[in-house]
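Let us go through this model slowly, asking at each step what a term rests on and how a value leads to a conclusion.

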Amino acid sequence: VIPMFRVLGRITASGLLTNYTPGATNGSEIAAAVAIEGVDATSAARPINTIDWTATFALQRLSWGSAVT
């Protein structure tokens, strides 16, 4: 499940967005976008509306996921 305002990285091999994961080596270690809606993609890849990472955000609203400390 990807919640609204989750920071996302892009997997290099597939081009798909996934949770931003620092320390990964598949491309998801680079913040690429922010989800502007929630989506359940546990069983399959799903379309999701995003905002490019270069936009301006209220940092306290972003959801970084459990991999970010």
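This is a predicted model: local features need pLDDT of at least 70, side-chain atom pairs count only at pLDDT 80 or more; totals for chains, interfaces and linings use all residues.

Q: Why is Phe5 called partly exposed?
A: The relative accessibility of Phe5 is 24%, and the term buried is kept for values under 20%, whereas exposed is kept for values over 50%. Phe5 falls in between, and therefore counts as partly exposed.

Q: What is the phi value of Phe5?
A: Phi of Phe5 is near 70°, which is a positive value in a residue other than glycine.

Q: How many helices and how many strands are there in the chain, and in what order do the elements run?
A: The chain has 0 helices and 4 strands, and, read from the N terminus on, its elements run β-β-β-β.

Q: Why does Ala13 count as exposed, and where is its place in the chain?
A: Ala13 belongs to the loop between β1 (7-10) and β2 (17-19). Its relative accessibility is 81%, and because exposed means over 50%, Ala13 counts as exposed. The C-alpha atom of Ala13 is separated by 20 Å from that of Ile2, although the two residues are 11 apart along the chain.

Q: What makes Gly23 an exposed residue?
A: Gly23 is found in the loop between β2 and β3 (31-35), and its relative accessibility is 71%. Gly23 and Ala67 are 44 residues apart in sequence, and their C-alpha atoms are 8.8 Å apart in space.

Q: Why is Gln60 called exposed?
A: Gln60 has a relative accessible area of 68%, and since the term exposed asks for over 50%, Gln60 is exposed. Its place is in the segment after β4 (50-52), and the C-alpha atoms of Gln60 and Ala44, which are 16 residues apart along the chain, are separated by 29 Å.

Q: How do you know that the radius of gyration of the chain agrees with that of a compact globule?
A: For 69 residues, a compact globule would have a radius of gyration near 11 Å, and because the chain has 11 Å, the two agree. Along its principal axes, the C-alpha trace spans about 30 × 25 × 20 Å.

Q: What part of the chain is buried, and what belongs to its accessible surface?
A: Buried residues, meaning those under 20% relative accessible area, make up 22% of the 69 residues. The accessible surface comes to about 4,400 Å², and 54% of this belongs to carbon and sulfur atoms.

Q: Which classes of residues make up the lining of the largest pocket?
A: The lining has 10 nonpolar, 1 polar and 1 charged residues. Among the lining residues are Ile2, Leu8, Ile11, Val39 and Pro47, and also Thr18 and Arg46.

Conventions
Residues are numbered from 1 along each chain as its sequence is written. Side-chain values use heavy atoms; hydrogens and water are left out. On a 1 Å grid over the protein atoms alone, a cavity is a set of points where a 1.4 Å probe fits but cannot get out, and a pocket is an open set with protein on both sides within 12 Å along at least five of seven lines; lining residues have an atom within 4 Å of a point. Ala, Val, Leu, Ile, Met, Phe, Trp, Tyr, Cys and Pro count as nonpolar, Asp, Glu, Lys and Arg as charged, and the others, Gly among them, as polar. Helices (H or I, at least four residues) and strands (E, at least two) are DSSP runs, numbered from the N terminus. The radius of gyration is taken over C-alpha atoms; the globule rule is 2.2 Å times the number of residues to the power 0.38. Buried means under 20% relative accessible area, exposed over 50%, partly exposed in between (1.4 Å probe, protein chains only). Accessible areas come from the Shrake-Rupley method with a 1.4 Å probe; for residues, only the protein chains shown count as cover.
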